Structure formats: C-alpha cells, structure tokens
2 protein chains.
Amino acid sequence: MNYKSELLKKISEYKAQVGIIGMGYVGLPLALEFAEAGFEVTGFDVDRDKVQKLNSGESYIKHIPSERIKTQVAGKKFRATNDFSSLSEMDAIIICVPTPLNKYREPDISYIENSGREISKYFNKGKLVVLESSTYPGTTEEILKPLLDKPLNSEIEGQLICGKDYFLAFSPEREDPNNPKYTTKTIPKVIGGQTPDCLEVAKSLYDKVILNTVPVSSPKVAEATKLLENIYRSINIALVNELKIVFDRMGIDIWEVIDAAKTKPFGFQAFYPGPGLGGHCIPIDPFYLTWKAREYEVNTKFIELAGEINTYQPYFVVQKIGDALNENGKAISNSKLLILGVAYKKNVDDLRESPALKLIEILIDKGAQVDYSDPYIPKIPKTRKYSFDMESVNLIGDNLKKYDAVVLATDHDNFDYNLIYEHSNLIIDTRNAFKTYGLKNGKIYKA
Amino acid sequence: MNYKSELLKKISEYKAQVGIIGMGYVGLPLALEFAEAGFEVTGFDVDRDKVQKLNSGESYIKHIPSERIKTQVAGKKFRATNDFSSLSEMDAIIICVPTPLNKYREPDISYIENSGREISKYFNKGKLVVLESSTYPGTTEEILKPLLDKPLNSEIEGQLICGKDYFLAFSPEREDPNNPKYTTKTIPKVIGGQTPDCLEVAKSLYDKVILNTVPVSSPKVAEATKLLENIYRSINIALVNELKIVFDRMGIDIWEVIDAAKTKPFGFQAFYPGPGLGGHCIPIDPFYLTWKAREYEVNTKFIELAGEINTYQPYFVVQKIGDALNENGKAISNSKLLILGVAYKKNVDDLRESPALKLIEILIDKGAQVDYSDPYIPKIPKTRKYSFDMESVNLIGDNLKKYDAVVLATDHDNFDYNLIYEHSNLIIDTRNAFKTYGLKNGKIYKA
C-alpha cells in the first residue's frame, strides 16, 4: 500500500479527517479554517468546559465570533471532544498545545508528550502528524518520532518507518490575535518535514487553507525559525526597556526618540517599552533555546540578558510609582492605587503572563491597597502563581478620585483617557498613552 | 537687528552662504545637494589632497561621480578650502566630521571640538551652526554651545544669546552609501534645535534640500535618535552572530532559519551574521552612549554584550578556518590563504573598521601566508592599527589553485563565484555566498 499517495488523494479531495489537539488561541482558529475549507474537523481538548461550549457553538475567545463556530457545528464540519480514542479515525493530526516554562525557567513539554502518547495509543499506518507548538529544535524528532515509530497501540507489530508508513512535520503557529491585517489564512506558514515525503504531505494539507506555505529542510529548522522570531522580539523589547532607563536618567523621553528613529525608511523597526513582557510566547519561548543550548555546551547570553531586563521592568515601574507618590508626600504603603488594564496587551482579554499581575503583587507586598479596572477582564481569578481574587472597578470619575494614584499598565483603546485625566490625582503612565496631555503639569509621570 | 528673520530670508532666497566642515562620506554629498539646489557652498577640510581633488572636479568616493562635483565647481556653486578663516563669510555652518573611538573604546570628540574652535574663532552674530556627527546626547549643548556663547573671536564682546544672536541645532546624518532606494535627499532628516527659533532656522535650511524633515524637541533627542538607530543594528547583528554559533552546534543552518523567519509579514526584520562588524557607525556609535551613561551611573548591558559578541566573530571564523584545514590534514601555520573581499560591506571601497583586516592580522599571527583580493581595494595601506602593506591579487584560476583555502569575507556582487568554486581547494564562506553550491561536497565550509 502506498500510504503517501493515498493520503495525498484524501487531502486533495477534502476527504482527510483532520484532528486538532488543543482548542486554544492557535488550535481553534486553525480548526475553523479547515472546516470552512470543507474538511471534517475534530477538535480534541482535555477541558470539558471548552468542548461543551464548542459543541454548542459558543466561543470563549474574544476575537473569534461564536457565529463562525456555530456555522461549522451545524454543517457537521466541526465537532469537539475529550475522547482521545477518536484519534484513531483521524488522517491528519495537528498538535497545538501549550509549551510553558516551569518556575525554574525550564521547558515544560508535558503537553506535547501527553499528546504524543495519546496519538501513539490510537496510531495506525497512513497518518500525518504535525506539531505546531513553539519548542526547542529537536522536539519533533526526539520526542514525537520515537512515540510514532513504535506506537503504544498494541495492534501494531514492529516498527513503523517515518516518511513511508506515516508522515511527520513541524509547522510553527504564527497567530497574532487581533492583528487587523493578517489572519491564520494570510500569514505565511513555515513547514519542515522529517523526510521529503513528510514535507510533501504536510505542505499539501496546509496548502488547502494557507495562502503561502514556506518549506524548509527539516523540523528542527522550522522549530528554530519560530524561536528566532520570538527571540528577536524579546531582545528588541528588552533593548528599549534598558534604554528607557538610561534615557530617563538623561532627561530624554524614549518615546520621542523611537518616534523620530521610526522615520528612517530602512534598517529600523520600532519596539516600545512597557511594564514588562506578557503573553504566552515572547516571555517564554526564548528560554526553550537557552535550555537546549546547554546540551551543546553553548550559552545564549542575549536571551538571558533580555530576560533579566524584561523581568526587572515591573520593579522599575513600582519605583517610579514610589517616586511620584513621594513627590506628593505619600508612601506606597497604605496608599490607594488603581491599575488600569491588566490584559497582557491592548484590546485583548488575555491575562497570560501579564506584567500587570506582577505589578499588583509587588504593590500589595509593599502595603498598598490595590484595585484594577479592565473592560475585558471582569475578574482576576486565583492562579497557581498569584493568590489575589479581584473584580474590575467601574471607571467613573467618582471612583478615580478615591485613589492616590492610577497606574496605566495596558493602553486599551476604549479607555476614556479624558475622564481618567480629569479625575485622577496622579497618573503613572507606562505606555505613553497620555503623551498629548503634556508631562510638566505635575500629574502625569512616565514609567 | 532681528537675526532670525534676516537669516530665514537669506535661506529662502538661496543667498545664505553654506559652509560644510568635513568633506567625507557625509559632508560631500550634502554639499553637492546644497550646491545643486542653488546655494553657494564652501567645503572645509584639513586634508589638502581632498581639497585639491574637489577643486579640480575629482571624486574620491566610489558612489559619487566626479561629474557631479565638476558641474558645481564650474558653475561656481561649490569650492573647497583648508583655510578656516573663510568660515567668517558663512551664514550656515554644518559640521560633518568623524567621531571615532580611542583604543579604550572612549569617544574621541576632538574633531568636533576642533571644528567648534575654528568656528568660534571666526564667529559672528546671525549664523546657524548644525552638528551632524553621531555622538552622545548632550554634545551639542555641552561642547558647541559654550564655544559659541563666548566666541574666541576677540572682536565680539560679552556673551551671545543662543536662539537670538545665533542658532544651534543637531541633525544626524543618515547616509547609507550605495543604497539603491534612498539618497541624501530622500532620507527623512531629524532636527533638534537648542531653542524653538534654532529649530525653525535649521529646518528652513534643510527643507531646501531634504524632502522630509522631522523636528524633535531638543538636540539631545536628535542625538539619542541616531544612537538608537545604530544600537538597534549593532544589537541585532550581534544576536544573529550569537545564534549562528548556537545553531552551528545544533547542526542548523542559521541562513536557512533567517530566510524562513523573514517570511513573517510583521514583527520581524532580517539581519545576517558575518565575520564581524564593520564601517564607521555600527561598531562605534553605541559606545558613545555607554560612555555617557557612566556619568549618570547607569549601564548599557546590551551594547556591551553586542560589542563582546561582534568582536569575537573574526576569532570564530579563524577557528572555522582551522577546523576546515584540519579536516584536510593541514594547520593554519604555513598554510597559504586568500581572503576574498576586504571592504567592510559588499560593493563599497571602504576599509574602515573592516573585520577582514582583523582576520588577516589573526591569521598572520598564527603563521599563515595571507593574500587578499578585492576589486575595490587595490592595496591595503599601513594604518595606525594594522601594519601590513598588501596588494590585491588577481582573481584567476591559476592563482586560486595556489591557496590551501580561500576565505570569503565580503560578498561583492562582481566576484566570479563560479571561477572561485571551480578552482579553489577549500572555501570558507562567512556570507552564505555559496549557498546554491551545496555544503556537503567537502569543499565549502560555512563560518
């Protein structure tokens, strides 16, 4: 049996069953793309709540409308399940699970390993497996391939041959939630196959839903590509964060400097300082390379330095809050503070790794009474990392007056900046959101 | 007397005498722009040879045709001189002199100071002075302003008032020699005036020759802007140089990774590794900030790390040359090596800070017999830093055969890569110039 031509045929006729593991910010939009293209798609997730919501056509991600899900569920092109035995029916399986760090900044690839084991249990010849999660170079080959070469499915005897009996690839997700210009379909997609045939099969699948696919020579090159993209961002954000502190001492406004530098039409890309790094990629992915590099006895000094500087930012902001209060004869201790915006970036409802949480923690530690307001985050639940349990405060003038200072941590577009400016006693602005209001009125402090 | 309106009138009528100090890569093209716009321009330089060449219509910069100079000299719009007393006749004086580092990596601003003193000696009310040289924030205000507030010209009594009696600004040069898309005229120009009137006068002058000027709030913001642009480049080149070494150990080709990452349509800008940093800006300017930051008791860790990594690159290349020779049973000592390309970047005739010179020095130290070939650099003269005295070797097959290895240091477009590939015994490629030839033939090594 020629598994490759059989699978290519199923894909070309939209008859391949597509299974996607992980129904989060990456897996769900991808599942919808495949369903909308005409494939039957099954979304796998261990979270029963998500599975139930999806099957009743309900979205839990702000920028994905429920209507899109409802349409595909009604048309029987999309369903969700937590029963991983259905993996046996899938022709193509795409893994979109989280790859966090543990508290020692080491890669936690347990989600990939667990997915790999579930696939292995229900594996059979003729399938394509693709990993999309950001991870260190070598993961696909070292973690997934052994699980598929000798499947845990006891019906399969002996060893399968990758590139002949089954197909394996890595293709990094490049989702940018809320990007107005680019979506899953229009962001070019890099693909590295374990063998040339693996690449051919994976590319033929993605070519059905992605306008532009970019083949590379191996999974590890594709893995390294995603890391380079995020390392680049992490280092450049850290650089402006460091320069913010240097220029601040010199009495130079880094925001003005960046806006001027941005007028250079070549060789410059603008990054902006902030209260720290947030999101599920930039603060985390680079350390996957750092960890793997140790195996090869090389260091990744830029990544370590960027981590050091970005991690310091919330502490720098707290210091600036203290300075601003101090100029007004107050201490952080016992002051009433309001944090504006706790999402990790503007206009999203995502709290992951948000530096605002760190800010709140440090300020509470120093004895402040802290509230927050965020139109997209009605409450901050207890997490493993943070123990506070807070609800968003209404942004009205009377409320604002009550606080000794408000701290603009995330510059959502729908904040009423005039209202905030009018009614606040003191504003610490980490995003240059109040630039048009001028600095020297003694009310606004940049941090 | 209203000096501002008088000077603005002279500028608007193209009657202002424009003097430019420093007839190098920055000053000469700028002088020609002003002359071509209709101003009478005098170029000042201490180098008698340059002055003589300019006055006879001869260019000494590859990308500036002699014809352009000849036309302006013949039309009496441009002349050059080393007699700085003519500064007394100038209405606007623009300083375009070098700002190197001494061997302790400290700023050498003696060229700016000397220019400032010459201007001061022949200074008078009603003049505009603009500094264009890349330098630390504060230079214009701390070095030039005192020299102009109390001129060395003994005819002037008392103190002049900046912004009323004379005008002072900083406007960083953004020259990019050989850029096919942008020239002096079309690259937006940032200008920071010491006072609002200083800005107005300086902007009115540049608006005559630059399509798009960008006003900022002070000279130090303009100074910081230029540094940010070059720090950004220095750090990003260092980052890919570090990752080159990490990925090399992992058996990943960084060039392939960068080409794949480049397909991301947002949030990424491609930089490429190389044998080290070159040119007169990127390896130098960032340390101007490092030096100044010490005065404010802050560190610039990214700049230091980038310096460390970029400085290491020639040593890494030498190690790779050693490895390649070793695989062929040879040592660096007594081997015959040919360096291809010694200009600091492709297609230019500029040797300044070229990493190829460092490569040659290390290889000679290790006992190799080193020659070089570069179509744009017929000979390498003795310099303060390097003591070798070499002439470019003709690039013909018989010559190539004589060398144990050739090292591609600068990838000029007009090298005959087929010829090099055919006739060389071993190629060490620091620029990925031979990517289409494949790696695994045992002849090409990437470094």
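Which residue stands opposite A:F44 in strand 3 of chain A?

Author: A:F44 stands opposite A:T81 in strand 3 of chain A. The model is predicted, so local features need pLDDT of at least 70 and side-chain atom pairs count only at pLDDT 80 or more, while totals for chains, interfaces and linings use all residues. Residues are numbered from 1 along each chain as its sequence is written, and chains are lettered from A and ligands numbered from 1 in the order in which they are written.

Strand 2 (residues 40-44) and strand 3 of chain A pair in the parallel sense over four bridges; pairing requires at least two bridges found by DSSP. Strands (E, at least two residues) and helices (H or I, at least four) are DSSP runs, numbered from the N terminus.

The open sheet of chain A has eight strands in the order 3-2-1-4-5-6-7-8, with mixed pairing. Because strand 3 (78-81) and strand 8 of chain A each have a single partner strand, they stand at the edges, and one side of each lacks a neighbour in the sheet. On average, neighbouring strands are turned by 25° against each other, direction ignored; axes are lines fitted to C-alpha atoms, for helices over the stretch in contact, and angles run from 0 to 180 degrees between N-to-C directions.

Helix 8 of chain A lies across strand 6 (167-170), strand 7 (189-193) and strand 8, running at about 150° to strand 7 of chain A.

Between the chains, 49 residues of chain A are in contact with 49 residues of chain B, contact meaning C-beta atoms, placed from the backbone, within 7 Å. Helix 8 of chain A gives the largest share of chain A's side, 16 residues.

Notes. Contact = placed C-beta atoms within 7 Å.
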